[in-house]
Amino acid sequence: MAVPASCMITATSAVLQAYGKAWMPMISTAIGCLAKAAALYVLCAMPQFGIMAAPISTCLCCVLTVCINLSLLAKVSIPFGFTKSFLQALLASALAVGGASVLQRLLFSDPKPDSCVHTSTGLPWTASETCLSLIYFPIVYKCGLIRISDIKSITTKKEKDF
């Protein structure tokens, strides 16, 4: 349950660091860890939670850290359109994953349900990942989330010597 929030911590922390505010993710992570420790201490004392106290407190930690990072990002970043930046990208991802999933089932389904025809090879996964990228990039381009000039600027940048 904490994995999506954990992924968002990585992304929001990287953006805060890119804005030159590397100390902000450290503070938000410290607050999240303190909340996790407190929640774990309280929940472990309650017998109805038992071992589930650990994942619940981890989820609380990650969600709290993401919320803090997002609020800090709202203060330090330039305004951007939430719909264009997040919802369209989420829609493009959902369409691409759904399309690749349907395509994988059509191409690699076996009429015998107990058969393990393709489980020993990576072909279904490789084919579905290829289909995923072939579906995703045109959708992202059509939504205006990426431009040809963006791709050219990435591929033509020269590495700096550090």
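Colleague: Which residues make up the largest nonpolar core?

Modeller: This is a predicted model, in which local features need pLDDT of at least 70 and side-chain atom pairs count only at pLDDT 80 or more, while totals for chains, interfaces and linings use all residues. Residues are numbered from 1 along each chain as its sequence is written, and side-chain values use heavy atoms, with hydrogens and water left out. A nonpolar core is a set of buried Ala, Val, Leu, Ile, Met, Phe, Trp, Tyr and Cys residues joined through side-chain atoms within 4.5 Å, where buried means under 20% relative accessible area (1.4 Å probe, protein chains only). By that criterion the largest one has 6 residues in all, namely A2, A5, I9, C59, C62 and V66.

Colleague: Which helix supplies the largest share of this core?

Modeller: Helices here are DSSP runs (H or I, at least four residues), numbered from the N terminus. Both α1 and α3 supply at least two residues of the core, but the largest share, 3 residues, comes from α3.

Colleague: How far apart are the end C-alpha atoms of helix α3?

Modeller: The helix covers residues 53–76, and its 24 residues at 1.5 Å a residue should span 34 Å, because the expected span is 1.5 Å times one less than the number of residues.

Colleague: Which residues does S28 touch, not counting residues up to four places away in sequence?

Modeller: S28 is found in helix α2 and is buried, with a relative accessible area of 0%. Counting heavy atoms within 4.5 Å as contact, S28 touches T65, I68 and N69.

Definitions and conventions. Buried means under 20% relative accessible area, exposed over 50%, partly exposed in between (1.4 Å probe, protein chains only).
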